[in-house]
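Hi everyone, thanks for coming. Let me put the sequence and the model up on the screen, and then we can walk through the inside of this protein together.

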Amino acid sequence: MYQVEKISDTCFLIKATGTFPPPVAERFVKEFKELTKDVHENLSIIVDITDAILLSIDSIDIILDLLKSDNERLFRSAFIIEKNPALDEEFRYLLDHAQSPKRKIVSSLEEAKEWIGLDKVVVKK
């Protein structure tokens, strides 16, 4: 499962929970591309995966394709991972293969905000 929240015109917060099977990953990519279609530069993303479990190999490939396609317009993105060594390794693999120094694994929302350059994050429900 996932939730996408628009924080500003060019910044998004993605909250992922549980598992991320390929059909969910494909639905997420489609939704994310639609939400960000008007952002041509300075795209910033905070991905909170503190409540996620694991990704399947097929889901990793789907997300990797999305990450690579966003390299040109990306300003920065932060992936929040707390105390989940398996997920940490999966995302290190993703970020290594997405080939962009603009992405970083962090351990808290505060660290993510600092990396992105935000003072505060207001989540609308």
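So, which residues have the most contacts inside the largest nonpolar core? They are F28, F32, I49 and F91, in a core of 32 residues. By nonpolar core I mean a set of buried Ala, Val, Leu, Ile, Met, Phe, Trp, Tyr and Cys residues joined through side-chain atoms within 4.5 Å. Buried is under 20% relative accessible area, exposed is over 50%, and partly exposed is in between, with a 1.4 Å probe and protein chains only.

A word on where this comes from. This is a predicted model, where local features need pLDDT of at least 70, side-chain atom pairs count only at pLDDT 80 or more, and totals for chains, interfaces and linings use all residues. Residues are numbered from 1 along each chain as its sequence is written, and side-chain values use heavy atoms, with hydrogens and water left out.

Now the overall layout. The chain has four helices and five strands, and from the N terminus the order is β-β-α-β-α-β-α-β-α. Helices (H or I, at least four residues) and strands (E, at least two) are DSSP runs, numbered from the N terminus. Along the principal axes, the C-alpha atoms fill a box of roughly 30 × 30 × 30 Å. Of the 125 residues, 47% count as buried.

Back to the core.

The largest nonpolar core has 32 residues. Two or more of them come from each of β1 (2-6), β2 (11-20), α1 (22-35), β3 (43-55), α2 (57-69), β4 (74-80) and α3 (85-98). The largest share, six residues, is from α2. Take I49 as a guide: leaving aside neighbours within four places in sequence, I49 is in contact (heavy atoms within 4.5 Å) with A16, I80, I81, L87 and F91. Apart from this core lies another one, of 11 residues, with I7, C11, I116 and V121 among them.

On a 1 Å grid over the protein atoms alone, a cavity is a set of points where a 1.4 Å probe fits but cannot get out, and lining residues have an atom within 4 Å of a point. Of the 21 lining residues, F28, V47, I63, F79 and F91 are the closest to the centre. The largest share of the lining, five residues, comes from β3. By class, the lining has 18 nonpolar, one polar and two charged residues.

M1 sits in the segment before β1 and counts as exposed, because its relative accessibility is 59%. M1 still touches K15, A16, T17, T19, F20 and V24, not counting residues up to four places away in sequence. M1 and F28 are 27 residues apart in sequence and 9.1 Å apart in space, C-alpha to C-alpha. Then there is N42, in the loop between α1 and β3. N42 is not a glycine, yet it has a positive phi of about 60 degrees. At 41% relative accessibility, N42 counts as partly exposed.

Note on methods
On a 1 Å grid over the protein atoms alone, a cavity is a set of points where a 1.4 Å probe fits but cannot get out, and a pocket is an open set with protein on both sides within 12 Å along at least five of seven lines; lining residues have an atom within 4 Å of a point. Ala, Val, Leu, Ile, Met, Phe, Trp, Tyr, Cys and Pro count as nonpolar, Asp, Glu, Lys and Arg as charged, and the others, Gly among them, as polar.
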